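This briefing covers one protein chain and how its parts pack against each other. Please view the sequence and the model together while reading.

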Amino acid sequence: MKEKKKQLWQVVKFTLFSISAGIVQIGSFALIEIFIKDYWIPYLSSLVLSILWNFTLNRRYTFKSAANVPVAMAKVFGFYLVFTPLSTYLGNLVEAHGINDYIILVVTMVTNFALEFLFCKFVVYRGKEDTLC
């Protein structure tokens with residue numbers, strides 16, 4: 001029972017940190033866009049900031065891992081190297097069939113949230129949870 005409670009608490013923390021990362025992304029996007037009007041620069045910059053925010057908080061507080069930070073970050077980067085172009089491509093395909101952009105965005109965000117949690121739990125921090133002093 002204790003293990004299930006720990007896992008549930010991990011999901012809750014990961015969820016809250018993911019929400020805060022979304023706020024970081026939206027806020028930084030809005031600030032950067034004041035000065036730079038090309039969409040991709042504020043988008044990419046704010047995405048990187050939110051990923052760094054989420055990675056840092058989840059490594060420290062959700063998984064409590066002392067895993068090698070550059071290696072762990074490289075694994076997360078690898079996740080996004082696959083997820084970002086794939087989700088963009090699939091989103092464009094679905095949009096072409098008349099699905100609302102915001103529905104696509106929400107589905108993509110939920111999918112990202114679930115897959116990233118599983119990836120962090122079973123790939124990035126596997127065997128290295130609760131190693132932080």
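What pLDDT does the protein chain average, and what share of the residues score at least 70? This is a predicted model; the protein chain averages a pLDDT of 92, and 99% of the residues score at least 70. The secondary structure comes to four helices and zero strands, in the order α-α-α-α along the sequence.

**Confidence and overall dimensions**

- Among the elements of the chain, helix 1 (residues 2–35) has the highest mean pLDDT, at 93.
- The lowest mean pLDDT among the elements, 91, belongs to helix 4 (residues 101–124).
- Taken along the principal axes, the C-alpha atoms fill a box of roughly 45 × 35 × 25 Å.

**Helix 1 with helix 2**

- The axis of helix 1 and that of helix 2 (residues 40–62) come within 8 Å, and they cross at roughly 155°.
- Because angles over 145 degrees count as roughly antiparallel, helix 1 is roughly antiparallel to helix 2.
- The crossing of these two helices is right-handed.
- The contact of helix 1 with helix 2 has 13 nonpolar, eleven polar and two charged residues.

**Helix 2 with helix 3**

- The axes of helix 2 and helix 3 come within 11 Å and cross at roughly 130°.
- An angle of that value makes helix 2 oblique to helix 3.
- Helix 2 passes helix 3 in a right-handed crossing.
- Helix 2 contributes Ile51, Leu52, Phe55 and Arg59 to the contact, while helix 3 contributes Val69, Ala72, Met73, Val76 and Tyr80.
- By class, the residues of this contact are eight nonpolar, no polar and one charged.

**Helix 3 with helix 4**

- Helix 3 (residues 69–95) has an axis that comes within 10 Å of the axis of helix 4, and the two cross at roughly 155°.
- Helix 3 and helix 4 are therefore roughly antiparallel to each other.
- The crossing of helix 3 past helix 4 is right-handed.
- On the helix 3 side, the contact residues are Ala72, Lys75, Val76, Phe79, Tyr80, Phe83, Ser87, Gly91, Val94 and Glu95.
- On the helix 4 side, they are Asp101, Ile104, Thr108, Thr111, Asn112, Leu115, Glu116, Phe119, Cys120, Val123 and Val124.
- The residues of this contact divide into twelve nonpolar, five polar and four charged.

**Salt bridges**

- How many salt bridges does a search of the whole structure find? The search finds two.

Conventions:
Residues numbered from 1 in each chain as written. Predicted model: local features only at pLDDT ≥ 70, side-chain atom pairs only at ≥ 80, totals over all residues. Heavy atoms only, no water. pLDDT = per-residue confidence, 0-100. Axes fitted to C-alpha atoms, helices over the stretch in contact; angles between N-to-C directions. Parallel < 35°, antiparallel > 145°, perpendicular 65-115°, else oblique. Left-handed = near helix turned anticlockwise from the far one by under 90°. Contact = heavy atoms within 4.5 Å. Nonpolar A, V, L, I, M, F, W, Y, C, P; charged D, E, K, R; others polar. Salt bridge = Lys/Arg side-chain N within 4 Å of Asp/Glu carboxyl O.
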